[in-house]
Amino acid sequence: DPEPKDLSRAPLAERMRPRTLDEVVGQASLLGPTAPFRRAFEQGEPGSFILWGPPGVGKTTLARLLAAQGSYFFHGLSAVESSLKDVRSVVDEARQRWRSQKQRTLLFLDEIHRFNKAQQDAFLPHLEDGTLTLVGATTENPSFALNAALLSRARVLKLESLSQEELEGLLARALGDEVRGLGAWKIEAAPDALAGIASLAGGDGRRALTLLELAASMARASNTALT
């Protein structure tokens, strides 16, 4: 199950992580009715993808949603912290999972550009035989950061920074959501407060929610509105 069981102590950005494709903010070119990603998502047969974009625009979220939609086991690794040994371990577990449960494995590899050529090459046979479906995330241009052999087996999808308007909508939703957001705090916010937070976030949804949580905590502690 890709969702944590108890989010009550999680940061706001994690609690507000979209649970459906329709909750995802931004990325209209990827998520529109006829977009390739939307079609792959709805069919539950995504193939392998490289998600390229700046921080806080939904790369991890899209991978998690894909896994849930296709009933994949979601396994996340960070290329900064992982080695070839970790990849082999995931491959072995994926094979065993398929044999025993007939469940496929989606490997989400964050910062995939940090893997060297040999580490990237290690994925290839397991993508070809269906042992793994790979979703890689990178902030670097894949044409320069990834092997041609890997790029030929994975579709590159470019994600954009969130606009000011999209960020303000996200913040308003988080402030009013009584189940997953800050709605239970009943904090009033001046219109320019959310605009100010959105502009500070620089297109990064996770950063925007983190700043909102900090500002709202201060407003709550002093029993004032968010200004």
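I take a pocket to be an open set of grid points with protein on both sides within 12 Å along at least five of seven lines. The model I examined is predicted.

**Entry: second largest pocket**

I looked up the second largest pocket and found a volume of about 270 Å³. I recorded 19 lining residues, of which Arg104, Gly130, Thr131, Leu132 and Thr133 are closest to the centre of this pocket. Helix H5 (84-101) and E4 each give the lining at least two residues; the largest share, four residues, is that of H5. By class I noted six nonpolar, seven polar and six charged residues in this lining.

**Entry: largest pocket**

I then turned to the largest pocket, whose volume is about 590 Å³. I listed 28 residues in the lining, with Gly56, Val57, Gly58, Lys59 and Arg206 nearest the centre. Among the elements that contribute two or more residues here are helix H4 (59-69), strand E4 (132-138), helix H10 (164-176) and helix H12 (205-221). I noted that the lining divides into twelve nonpolar, eight polar and eight charged residues.

**Entry: H10 and H12**

I next examined how H10 and H12 pack, and found an angle of about 45 degrees with the axes 10 Å apart. I therefore describe H10 as oblique to H12. I recorded the crossing of these two helices as right-handed. On the H10 side I found Leu167, Leu170, Leu171, Ala174 and Leu175, which meet Gly205, Ala208, Leu209 and Leu212 of H12.

Notes. Residues numbered from 1 in each chain as written. Predicted model: local features only at pLDDT ≥ 70, side-chain atom pairs only at ≥ 80, totals over all residues. Heavy atoms only, no water. 1 Å grid on protein atoms, 1.4 Å probe; cavity = no way out; pocket = protein on both sides within 12 Å on 5 of 7 lines; lining within 4 Å. Points joined across faces, edges and corners; volume = space filled by probe spheres on them. Nonpolar A, V, L, I, M, F, W, Y, C, P; charged D, E, K, R; others polar. Axes fitted to C-alpha atoms, helices over the stretch in contact; angles between N-to-C directions. Parallel < 35°, antiparallel > 145°, perpendicular 65-115°, else oblique. Left-handed = near helix turned anticlockwise from the far one by under 90°. Contact = heavy atoms within 4.5 Å.
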